[in-house]
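User: I would like to learn how to read the features of a protein model. Please take me through this one.

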Amino acid sequence: MPAALRESPLSQFVDGRYCASCGIGFVPASLQWVPAPGNSTQGRAACLRPDGAQAGDHAGYLRNPGPRPAFSRLAEHLWGADADIDSDGDSTHPEDAGWTGLTLILRASPDRQRVDVVPVSQDPLVLAIRSADASLAARALGHLQEHAGGTIERCWPLA
């Protein structure tokens with residue numbers, strides 16, 4: 001060992017890697033997932049998706065959003081006013097601004113054109129926005145943040 005380096009004062013080792021999704025640096029292995037083949041993060045891990053997302057899903061998180069736009073407005077933003085969609089969620093009526101869970105699927109392309117919004121924390125409220133299509137996830141996240149406010153996070157929980 002070079003003289004300039006001293007023994008570490010810690011006697012424990014932490015298993016982890018660099019997070020390719022958020023770039024926050026070292027993330028413990030307990031907070032990571034390894035992407036499925038074909039969804040390269042250049043051999044690096046990414047933060048764990050506590051929202052039930054599948055490996056290969058692209059996700060972002062919206063922390064402390066205010067009232068959300070009606071779910072139909074998010075679908076209209078993503079696919080247009082005349083899009084044939086399927087939806088499911090916890091809104092109590094079509095204009096409900098208090099929903100926290102939502103699934104939108106474009107019926108013409110159900111495998112790739114699906115967005116899920118899932119609450120991963122209630123206090124503070126944190127919504128995971130995920131899709132197999134990175135562009136779709138980013139557009140949904142941006143639209144929700146523009147209309148509901150809040151802070152966009154790339155990983156949750158924050159490390």
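Analyst: The crossing of α1 and α2 is right-handed. A crossing is called right-handed if the near helix is turned clockwise from the far one by less than a right angle, and left-handed if anticlockwise. Helices (H or I, at least four residues) and strands (E, at least two) are DSSP runs, numbered from the N terminus. This is a predicted model, where local features need pLDDT of at least 70, side-chain atom pairs count only at pLDDT 80 or more, and totals for chains, interfaces and linings use all residues. Residues are numbered from 1 along each chain as its sequence is written, and side-chain values use heavy atoms, with hydrogens and water left out.

User: At what angle do the axes of α1 and α2 cross?

Analyst: Axes are lines fitted to C-alpha atoms, for helices over the stretch in contact, and angles run from 0 to 180 degrees between N-to-C directions. Here the axes of α1 and helix α2 (residues 134-148) cross at roughly 135° and come within 10 Å. The two helices are therefore oblique to each other; angles under 35 degrees count as roughly parallel, over 145 as roughly antiparallel, 65 to 115 as roughly perpendicular and the rest as oblique.

User: Which residues of α1 and α2 meet?

Analyst: Contact means heavy atoms within 4.5 Å. From α1, Arg 73, Leu 74, His 77, Leu 78 and Trp 79 meet Leu 136, Arg 139, Ala 140, His 143 and Leu 144 of α2. The residues of this contact divide into six nonpolar, two polar and two charged. In that scheme Ala, Val, Leu, Ile, Met, Phe, Trp, Tyr, Cys and Pro are nonpolar, Asp, Glu, Lys and Arg are charged, and the others, Gly among them, are polar.

User: What is the strand order in the sheet?

Analyst: Two strands pair if DSSP finds at least two bridges between them. The open sheet has six strands in the order β6-β7-β8-β9-β5-β10, with antiparallel pairing. β6 (85-89) and β10 (151-153) are at the edges with a single partner strand each, so one side of each is left without a neighbour in the sheet. From one strand to the next, the twist averages 20°. Helix α1 (residues 71-79) lies across β6, β7 and β8, at about 35° to β7.

User: How many bridges join β5 to β10?

Analyst: Three bridges join these antiparallel strands, and Arg 63 stands opposite Thr 151 in β10. On β5's pairing with strand β9 (residues 125-131), there are six bridges, again in the antiparallel sense; in β9 the bridge partner of Arg 63 is Val 126.

User: Which side chain meets that of Arg 63 in a salt bridge?

Analyst: A salt bridge is a side-chain nitrogen of Lys or Arg within 4 Å of a carboxyl oxygen of Asp or Glu. The structure holds six salt bridges. In one of them, Arg 63 meets Glu 153 at 2.4 Å, N to O. Arg 63 lies in strand β5 (residues 58-63) and Glu 153 in β10, so the pair ties together parts that are 90 residues apart in sequence.

User: Which peptide bond is cis?

Analyst: The bond from Asp 123 to Pro 124 is cis, with omega near 5°. Pro 124 is in the loop between β8 and β9.
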